[in-house]
Amino acid sequence: MKLWDCFSTALRALLGNKMRSVLTMLGILIGVAAVISVLSLGSAQAALVEESFATLGANLIYVMPREAGIMGAGVGEATLTLEDAEAIARHAPSVAGVAPTAQTYAQVIAGGESLNSLIAGVTQQAEWVDNYVVAQGSFITESDYRARSRVAVLGSEVAKTLFGQMDPTGQSIRIAGRQFQVIGVLESRGMGFGVEDLRVYIPLSTFYTTLAASQAGSRGNSVDMISVKVGSGDELESAMQEITAILRDTHGIREGEDDDFRVLNVASVAGQVTQVLGILQLVLAGIAGISLLVGGIGIMNIMLVSVTERIREIGLRKAVGAKRRDILIQFLIEAATLGLCGGALGIGLGWIIVKIMSIVATNLGFSFAATLSGDAIALAVGVAIGIGLISGLYPAIRAARLDPIESLRHE
């Protein structure tokens, strides 16, 4: 029996029970749609994170307390100080610039609008070291820092929330009840990386005198993070070694004792974020894959029912010369066709989900463009057909082994 004849026979059998075939494909359809949506959205998110970190520059190093999270979200004892930043700037020859940052949450009010924002105390070097781009007005200057001026630079999202489409420069805001004047707004870095757009920046000297007078520690004024810029990527490793040696010395850490700080470059931070996203993506894909398993069980169940319903047909075909191989191939093709059709419909549904998510993300301000890759489509089709074949193997073998005489006697 020719392969095309087997395929056409299988197709007629499936079309003869349209509703049952559709319901059988439903599990595969949902599973494929869920898996390729997760893979596509995860790939887009990973690309967005890489793009966001790329804006920071490859020659940037972060120094943080040992217990702090990524980007200085501290949860433990503050172990870094302004004096540490000054020591790095003085004694690390590979370092081109240093920008300490201290931060806390406070209420920000402008007119009738308010929000709780992360207030970052920074120095004038932060604009160059951290690659901030000013969209309106200007950044904090050395004179602002020396005079402890009550001036503020807003992240793009903060400016949008407080002032809408109005130019905030020159306007007054209140931070934790104290009045500040807005002197600039930063360009958006996109919500993939995130926190810069949601911060308010003030001079570090002003931060200490207004918002964090209690942060003065035994070794000086505490900071949550020190950003360090090196001249080129080739000097990254030597700069990290220099910073580690300087801080161990200033902190009085003896040989064999653990550091009370961490030194990370942008690539390592990006790697941590990408790894977390990858694990999350695998977990979500695994959960979505359960639908594929359920769909496979559904195909096996329906194929077993089909074998039982068509025992006489199988016996008749064997009586006129059909071989076991022909019966096996026919039922395998039926199962694979169910998987293929379910997979094709799942790809269509997945494409719709990805498009909707991209549109929603764009409307919310995320620079997010998820697309279905050829690899994801090929994987989805292969998995759908494979599940169909595996699920239909046992029913096909059972059908192929039926005795033709007993089959013809079956009522």
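## Salt bridges

E157 and K160 pair up in a salt bridge, with their closest N and O atoms 3.7 Å apart (the term needs a side-chain nitrogen of Lys or Arg within 4 Å of a carboxyl oxygen of Asp or Glu). This is a predicted model, where local features need pLDDT of at least 70, side-chain atom pairs count only at pLDDT 80 or more, and totals for chains, interfaces and linings use all residues. Residues are numbered from 1 along each chain as its sequence is written, and side-chain values use heavy atoms, leaving out hydrogens and water.

Both E157 and K160 sit in helix α6 (residues 156-163), three residues apart, about one turn of the helix; helices are DSSP runs of H or I, at least four residues, numbered from the N terminus. E157 counts as buried because its relative accessibility is 18%, whereas K160 is partly exposed at 46% (buried is under 20% relative accessible area, exposed over 50%, partly exposed in between, with a 1.4 Å probe and protein chains only).

Helix α5 (residues 142-147) holds E142 and R146, four residues apart, and their side chains meet in a salt bridge at 2.7 Å, N to O.

## Aromatic rings

Y132 and F139 are both buried. Their rings make a tilted aromatic pair, 5.8 Å centre to centre with 35 degrees between the planes (rings of Phe, Tyr and Trp, using its six-membered ring, pair if their centres lie within 6.5 Å; planes under 30 degrees apart are stacked, over 60 edge-to-face, the rest tilted). Ring pairs also tie Y132, F139 and Y201 into a cluster.

Note on methods
Helix = DSSP H or I, 4+ residues; strand = E, 2+ residues; numbered from the N terminus.
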